[in-house]
Structure formats: C-alpha cells, structure tokens
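User: Hi, can you walk me through this one? I'd like to start with the core.

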Amino acid sequence: MHPQRKQRLLIIIFILIVASLAAGLLGYALKENINLFYPPADIAAGKAPVGKAIRAGGMVQEGSVVRASDSLKMRFVVTDYSAVVTVEYEGILPDLFAEGEGVVASGKLGEDGVFYASEVLAKHDENYMPPEVSDALEKSAASRAEKQEKG
C-alpha cells in the first residue's frame, strides 16, 4: 500500500473512532438526564423506576394538602382518578397550585411509594392542562369505562 494511502486510511479510522466515542458519550449523558412522565396508575402498578428522576402528574386530590407548621414541607395526593400517589415537597409552591387542579411534579419515587418532588409545576391558567396530565386522565377514564363495560 502506498504510504500516502495508508496515512489517509489511518486518518479516516481515527476520525471514525473519535466520532463514535463522542456519540457514545453524548448518548450516555442524555440517558442520565432524561426524566419520563408517569401517571399515578403506572406508579401504583410498579411501572415507575424507584430512585430515578421522573415526572409524575395528575389532579391534586381535594382535601389532601397537608402543610407542616414549622417548615415549607408539605404532602399532597395526586390522582388520575384510577390510582393515587402521595407527593412530598419542600419549597414554595406555584401561585396557581390548588386542590382539584392539574399538577406535574419532578423528583424521585422512594422505596416507600412516596414521590419526593424537587419541583412542582401547576397549570398557568384556567383553560390549560399539561399535555402529559390530560393524556393520563384520558387513558384513566378509558380504562375505567372499559372495566365498567366488562363488570
């Protein structure tokens, strides 16, 4: 093989190795930072990973908000009307957070089944529902209707 061809081949191989390594590192970094949405029914069914960053959402159950008297810690229940998940959060909630309203929480599911939120997002006006929450509620309603037809 001609020396110049050999040098070009080595350069191309080097570029391919570096590009593959960069793509692999990028994929690994994105995999670590992705947080998927799980409705309460999936969390209650054990489909959500424990200890991994995820998002959970649904409607805040009426009468479920309990605030600590000595800190910013609070507990509330999120439902999709077929299952419920207890959420614990410490911090200042959005102004539009209210019982009976849609909410999406980011955080981690604990071994005890409680969702420990690091961030809570509420809908921004009376007409808006986060897409993940509205999809989860629609699926839950369809599932309940299907069970009623069978039963």
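Analyst: A nonpolar core is a set of buried Ala, Val, Leu, Ile, Met, Phe, Trp, Tyr and Cys residues joined through side-chain atoms within 4.5 Å. Buried means under 20% relative accessible area (1.4 Å probe, protein chains only). This is a predicted model: local features need pLDDT of at least 70, side-chain atom pairs count only at pLDDT 80 or more, and totals for chains, interfaces and linings use all residues. Residues are numbered from 1 along each chain as its sequence is written, and side-chain values use heavy atoms, without hydrogens and water.

User: Ok. Which residues have the most contacts inside the largest nonpolar core?

Analyst: Phe76, Phe115 and Val120 do, in a core of 20 residues. Two or more residues come from each of β2 (53–60), β4 (73–79), β5 (84–90), β6 and β7 (115–122). Strands are DSSP runs of E, at least two residues, numbered from the N terminus.

User: What does Val120 contact, beyond four places in sequence?

Analyst: Its partners include Phe76, Tyr89, Leu93 and Phe97. Contact means heavy atoms within 4.5 Å.

User: Switching to Ser106. Buried or exposed?

Analyst: Ser106 counts as buried because its relative accessibility is 10%. Ser106 sits in strand β6 (residues 102–109). Setting aside residues up to four places away, Ser106 touches Phe115, Ala117 and Arg55, among others.

User: Which element gives the largest share of the lining of the largest pocket?

Analyst: That is α3, with eight residues. Helices are DSSP runs of H or I, at least four residues. A pocket is an open set of points on a 1 Å grid where a 1.4 Å probe fits, with protein on both sides within 12 Å along at least five of seven lines; lining residues have an atom within 4 Å of a point.

Key:
Buried < 20%, exposed > 50% of the residue type's maximum accessible area, 1.4 Å probe, protein only.
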